Amino acid sequence: MFVSWSGFKSSVYREVPSQFFKVRLWDANDLIEQILENYENLDQTIKSELPLKRIWTLVDGED
């Protein structure tokens, strides 16, 4: 797995199909999304290193 906070060059993305089961590319959004989706399942030691707190906010009903 390769994680890049700033993304990857287009030439890297062209190589991904031939490496599908060998290489995964995550950018910052992928990494954050996966952490948020799986946070409750993480080991307590990881949670203590990355303490997150759930909050609720109101949003305007109009998009």
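This tour moves from the whole chain to selected residues of a predicted model.

**The whole chain**

Turn the model along its principal axes: the C-alpha atoms occupy a box of roughly 40 × 40 × 20 Å. The radius of gyration is 16 Å, whereas a compact globule of 63 residues would have a value near 11 Å.

Next, display the surface. The chain exposes about 6100 Å², and 56% of that area is supplied by carbon and sulfur atoms. Buried residues make up 8% of the 63 residues. Among the contacts with a separation of 6 or more, 19% are accounted for by residues 24 or more positions apart.

**Strand β1: Phe2 and Ser4**

Select residues 2-4, which form strand β1, and show the side chain of Phe2, a residue of this strand. Phe2 and Leu25 are 23 residues apart in sequence, yet their C-alpha atoms are 5.0 Å apart in space. Beyond its neighbours within four places in sequence, Phe2 is in contact with Phe8, Val23, Arg24, Leu25 and Trp26.

Stay in strand β1 and move to Ser4. Is Ser4 buried or exposed? Ser4 counts as buried because its relative accessibility is 13%, and buried means under 20%. Select Gly7 as well: its backbone oxygen lies 2.7 Å from a polar atom of the Ser4 side chain. With neighbours within four places in sequence left aside, the contacts of Ser4 are Trp26, Asp27 and Ala28.

Proceed to Val16, which is placed in the loop between α1 (10-15) and β2 (25-27). Its relative accessible area is 24%, so Val16 is partly exposed. Then select Ile46 and draw a distance between the two C-alpha atoms. Val16 and Ile46 are 30 residues apart in sequence and 29 Å apart in space.

Where does Leu52 lie relative to α3? Leu52 is in the segment after that helix, which spans residues 44-49. With a relative accessibility of 41%, Leu52 counts as partly exposed.

Notes: Residues are numbered from 1 along each chain as its sequence is written. This is a predicted model: local features need pLDDT of at least 70, side-chain atom pairs count only at pLDDT 80 or more; totals for chains, interfaces and linings use all residues. Side-chain values use heavy atoms; hydrogens and water are left out. Helices (H or I, at least four residues) and strands (E, at least two) are DSSP runs, numbered from the N terminus. Buried means under 20% relative accessible area, exposed over 50%, partly exposed in between (1.4 Å probe, protein chains only). The radius of gyration is taken over C-alpha atoms; the globule rule is 2.2 Å times the number of residues to the power 0.38. Contact means heavy atoms within 4.5 Å. Accessible areas come from the Shrake-Rupley method with a 1.4 Å probe; for residues, only the protein chains shown count as cover. A polar contact is a pair of N or O atoms within 3.5 Å; within protein, one must be able to donate a hydrogen and the other to accept it, and residues adjacent in sequence count only if both atoms are side-chain atoms.
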